[in-house]
Amino acid sequence: ERAGEQEIQNDINFASNHPIVTGVLQAGYGLLAVLNAHRQILAVNDAFLKTLGVSEGGKLLGLRPGEAIGCVHAHEMAGGCGTSRFCATCGAAVAIASSLVEDEPVERKCAITLSRNGSRIDLCFRVCARRIQCRDQSFIILYLQDITEFEQWAEIQRTFFHDISNTISGLQGAAELLLLKKPDESSDLLRKIRLISCRLTKEVGIQENWQAATARGLRFQRGGYPLPIWLRKSQA
């Protein structure tokens, strides 16, 4: 269900004039939006508008996130964003719904297909949702960070390490077979090839582990920016 027209207008007025809410929107980087308990947008920051190419923020108010950014599944059902069969696995929908019942930020990854100017665009967002309590009502601070390029690069790296590891394994196996079949004057050269391939295998493994460790540290910090303090999970 959605809030009624008068209720949503009251919530929009409250969010627009509350100093804490407006302060968060002005100070935070990334795409930020304030939602009501019905997941409808009450306010957004300038980065949100700029990313969507919208000059008038009023056009987004009352919409749900998927409807605002142009998700291809947002209008499949009468209930709109969050009600189609695809929404059950949507990271943004899960994060928003979970944040309403949890006392800490909820983070998810959201792979989404958008409809823009007649074309479809696949994007990946880091999503963080946190519930705040104001005026005996629950509001949600929604943070979106575009990590599409990072995820694409990570996939390229995974494919590269997989392919090169298979190639090296093939070379190492061939050297082992030749040593068994031809224990003659070429054995020294074959042992050298085997030794080099073993060393190369270890080097590739070290690089793969290093890249994985680096990715864990940077996965949600594109541009070197971590989450805002007020959106981070507690470390307890």
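The legends below describe close-up views of a predicted model. Residues are numbered from 1 along each chain as its sequence is written, and side-chain values use heavy atoms, with hydrogens and water left out. Because the model is predicted, local features need pLDDT of at least 70 and side-chain atom pairs count only at pLDDT 80 or more, while totals for chains, interfaces and linings use all residues.

**View 1**
Helices (H or I, at least four residues) and strands (E, at least two) are DSSP runs, numbered from the N terminus. Along the sequence the pattern reads α-α-β-β-α-α-α-β-β-β-α-α. Of the 236 residues in the chain, 38% are buried; buried means under 20% relative accessible area, exposed means over 50%, and partly exposed lies in between (1.4 Å probe, protein chains only). Among contacts (heavy atoms within 4.5 Å) with a separation of 6 or more, 52% join residues 24 or more positions apart.

**View 2. Five strands form an open sheet in the order S2-S1-S5-S4-S3.**
The pairing in this sheet is antiparallel. Two strands count as paired if DSSP finds at least two bridges between them. Strands of a sheet pair through backbone hydrogen bonds, either parallel or antiparallel. S2 and S3 are the edge strands, each pairing on one side only. On average, neighbouring strands are turned by 30° against each other, direction ignored. Such angles come from axes, which are lines fitted to C-alpha atoms, for helices over the stretch in contact; angles run from 0 to 180 degrees between N-to-C directions.

**View 3. Strand S5 pairs with both S4 and S1.**
The pairing of S4 with S5 is antiparallel over 10 bridges, and in it isoleucine 132 stands opposite phenylalanine 139 of S5. The hairpin of these two strands has 2 residues between them, and arginine 135 takes a positive phi near 55° there. S1 and S5 are also antiparallel, over 5 bridges; leucine 31 stands opposite leucine 144 in S5. S5 is mostly covered, with 7 of its 10 residues buried.

**View 4. S1 and S2 form a hairpin with 5 residues between the strands.**
The two strands pair in the antiparallel sense over 3 bridges. Alanine 33 stands opposite valine 44 in S2, and leucine 35 has isoleucine 41 as its bridge partner in S2. Arginine 39 takes a positive phi near 65° in this hairpin. Alanine 37 lies in the loop between S1 and S2 and is partly exposed, with a relative accessible area of 43%. Leaving aside neighbours within four places in sequence, alanine 37 is in contact with Leu100 and Ser138. Alanine 37 and serine 138 are 101 residues apart in sequence, yet their C-alpha atoms are 6.0 Å apart in space.

**View 5. Helices H1 and H2 cross at roughly 70°.**
The axes of H1 (residues 5-17) and H2 (residues 19-27) come within 5 Å. The two helices are therefore roughly perpendicular to each other; angles under 35 degrees count as roughly parallel, over 145 as roughly antiparallel, 65 to 115 as roughly perpendicular and the rest as oblique. H1 contributes Ala15, Ser16 and Asn17 to the contact, and H2 contributes Pro19, Val21 and Thr22. These residues divide into 3 nonpolar, 3 polar and no charged. Here Ala, Val, Leu, Ile, Met, Phe, Trp, Tyr, Cys and Pro count as nonpolar, Asp, Glu, Lys and Arg as charged, and the others, Gly among them, as polar.

**View 6. Helix H2 lies across S1, S2, S4 and S5.**
H2 runs at about 160° to S1.

**View 7. The largest nonpolar core has 29 residues.**
A nonpolar core is a set of buried Ala, Val, Leu, Ile, Met, Phe, Trp, Tyr and Cys residues joined through side-chain atoms within 4.5 Å. Phe48, Leu60, Ile112, Val127 and Leu142 have the most contacts inside this core. Elements giving two or more residues to the core include helix H3 (46-52), helix H4 (65-69), helix H5 (91-99) and strand S3 (106-116). Leaving aside neighbours within four places in sequence, valine 127 is in contact with residues including Ala92, Ala95, Cys110 and Leu142. Apart from this core lies another, of 17 residues, among them Ala3, Val34, Cys134 and Ile141.
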